[in-house]
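Me: I'm new to this one. Can you take me through a helix and the core around it?

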Amino acid sequence: MNDEALADFFATGEGDIRWASEALLRRYPDFAPASALDFGCGVGRLTRALAAKTGDAFGVDVSESMLAEARRSTQAGLGFGCDLPDRTFDWIVSIIVFQHIQPERGYPLLKALLERLAPGGFVTLQFALYRDPRHAAVPGGRVVMAEDFTMVSNVAALRKLAKGEMVMFDYDLTVIAAILFAAGVTDLELTHTDHGGFHGSFIHGRKAA
């Protein structure tokens with residue numbers, strides 16, 4: 001991992017946030033967040049881009065080693081921690097995160113995230129929702145190879161995970177919508193995603209002012 005590779009890595013975050021910003025701008029011409037919360041930030045790939053966009057971005061992650069790496073950045077407007085901060089944000093972002101969290105934990109986390117969304121604030125959220133029939137569960141857990149990672153689809157296989165394996169969980173869109181609606185995020189737009197037969201959606205939305 002040299003300087004050029006690192007620059008390319010963080011550039012992907014800039015591209016993702018640019019795409020998300022453009023999606024929200026098309027729907028909300030007044031989109032101009034002054035703060036952002038990045039849930040599942042890792043080493044800050046998206047958080048850095050969010051700080052450049054808003055001037056105030058906070059990244060949350062459960063991994064202390066990733067947070068230590070993220071904190072090496074001297075970029076202005078950045079903050080990181082393992083707990084959700086006790087404040088509100090204009091934009092909440094979570095991309096390629098919930099699919100690795102068991103839904104029983106993920107739904108309460110989504111609710112807690114939305115409690116930090118300011119009135120009139122925006123969301124960019126990504127969830128895995130269902131998979132092609134060829135990925136149907138088998139005894140002990142369905143396991144497939146994708147981009148050199150093994151992805152396991154159910155809790156039954158968790159105890160058998162080896163180094164380098166990745167867990168994938170599907171979410172119920174009805175439950176997600178109920179949590180969003182209860183939090184005042186009733187104006188939504190969905191964008192379909194398909195990663196090798198794992199189907200999901202980006203959810204772009206806004207909370208009532």
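Reply: On the outward side of helix α5, Thr174 and Ala182 are exposed. This is a predicted model, where local features need pLDDT of at least 70, side-chain atom pairs count only at pLDDT 80 or more, and totals for chains, interfaces and linings use all residues. Residues are numbered from 1 along each chain as its sequence is written, and side-chain values use heavy atoms, with hydrogens and water left out.

Me: What makes a residue "exposed" or "buried"?

Reply: Buried is under 20% relative accessible area, exposed is over 50%, and partly exposed is in between (1.4 Å probe, protein chains only). In α5, which spans residues 173-182, Ile176, Ala177, Ile179 and Leu180 are buried.

Me: Why do the buried residues of α5 line one face of the helix?

Reply: Seen down the axis, they fall within an arc of 160°, so one face holds them. The arc is taken from the directions from the helix axis to the C-beta atoms. Their cover includes α4 (103-114) and β5 (117-131).

Me: What caps the N-terminal end of α5?

Reply: Asp172 does, with a side-chain oxygen 2.8 Å from the backbone nitrogen of Thr174.

Me: Which residues touch the most other members of the largest nonpolar core?

Reply: Phe127, Tyr171 and Ile176, out of 27 residues. Such a core is a set of buried Ala, Val, Leu, Ile, Met, Phe, Trp, Tyr and Cys residues joined through side-chain atoms within 4.5 Å. Elements giving two or more residues to this core include α4, β5 and α5.

Notes. Helix = DSSP H or I, 4+ residues; strand = E, 2+ residues; numbered from the N terminus. Contact = heavy atoms within 4.5 Å. Polar contact = N/O pair within 3.5 Å; in protein donor to acceptor, adjacent residues only side chain to side chain.
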